[in-house]
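Subject: Structure handover

Hello,

Here is the structure I promised to pass on. Please have it open while you read, as my notes follow directly below.

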Amino acid sequence: MHYLKPLISALLLSSIFLLTACDNNDSKKITSVDDPELVAIAFFDALYNEKNIEKAASVCNPKLARLILHYRSPQAVARHLFNMSYDKVAIKPDSSGVKVREQFKDSARITVYFDGYYQENRIKDVKRLAIVQRDGKWFIDKILKDPF
């Protein structure tokens, strides 16, 4: 019976270690949500480059997050919601001489440019997002119609 106490202690410590090692929520969430452009870039980067729909959905309003998670794969989201597929893509916000974003107190419209490859074919595209601010953090509210 005297060996039971150290055995239980060892099991308890190892299980706590395993649970804390597996609890890596940072890889499933976008943590920088204080700038609407960063949110838009991080959203598309999580979707197209990291292939992580949970991370992409973490910066969406609840309705859009449910829709994104409904598709269950980043490829399905890319194909059905955005009508564009990439193997690897460079994503940047509009930084031309025109306004980078149309931002009001708690909402913004962000234009994002894509330049990437899908099955060795180069594809360029543009998307616009409506982003809203809640509790000091920015969330993607809507996918706007193509500007062109």
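A search of the whole structure turns up 2 salt bridges (a side-chain nitrogen of Lys or Arg within 4 Å of a carboxyl oxygen of Asp or Glu). One joins Glu-50 to Lys-55, with 2.9 Å between the closest N and O atoms. Glu-50 is partly exposed at 38% relative accessible area, while Lys-55 counts as buried at 14%. Here buried means under 20% relative accessible area, exposed means over 50%, and partly exposed lies in between, using a 1.4 Å probe and protein chains only. The other salt bridge links the side chains of Arg-122 and Asp-115, at 2.5 Å from N to O. Asp-115 is partly exposed, at 27% relative accessibility.

Before going further, a word on the source: this is a predicted model, in which local features need pLDDT of at least 70 and side-chain atom pairs count only at pLDDT 80 or more, whereas totals for chains, interfaces and linings use all residues. Residues are numbered from 1 along each chain as its sequence is written, and side-chain values use heavy atoms, with hydrogens and water left out.

The overall layout

The chain has 5 helices and 5 strands, in the order α-α-α-α-α-β-β-β-β-β along the sequence. These are DSSP runs numbered from the N terminus: helices are H or I with at least four residues, and strands are E with at least two. Of the 148 residues, 33% count as buried. Among contacts (heavy atoms within 4.5 Å) with a separation of 6 or more, 54% are between residues 24 or more positions apart.

The core

The largest nonpolar core holds 31 residues, and those touching the most other members are Phe-43, Phe-44, Tyr-48, Ile-68, Phe-82, Phe-114 and Ile-140. Such a core is a set of buried Ala, Val, Leu, Ile, Met, Phe, Trp, Tyr and Cys residues joined through side-chain atoms within 4.5 Å. Elements giving two or more residues to this core include H2, H3, helix H4 (62-71) and strand S3 (107-118). H2 gives the most, with 7 residues. Leaving aside neighbours within four places in sequence, Phe-82 is in contact with Phe-43, Phe-44, Leu-47, Tyr-48, Val-77, Lys-127 and Ile-143.

Helix H4

The buried residues of H4 are Leu-64, Ala-65 and Ile-68. Seen down the helix axis, they fall within an arc of 100 degrees, so they line one face of H4; the arc is that of the directions from the axis to the C-beta atoms. They pack against H2, H3, H5 and S5. On the other side of H4, Lys-63, Arg-66 and His-70 are exposed. Just after H4, Arg-72 takes a positive phi of about 70 degrees.

A loop residue to look at

Asn-49 sits in the loop between helix H2 (36-48) and helix H3 (53-57). Its side chain makes a polar contact with the side chain of Asp-45 at 2.7 Å. A polar atom of the Asn-49 side chain also lies 3.0 Å from the backbone oxygen of Val-89. A polar contact is a pair of N or O atoms within 3.5 Å; within protein, one must be able to donate a hydrogen and the other to accept it, and residues adjacent in sequence count only if both atoms are side-chain atoms.

Best wishes
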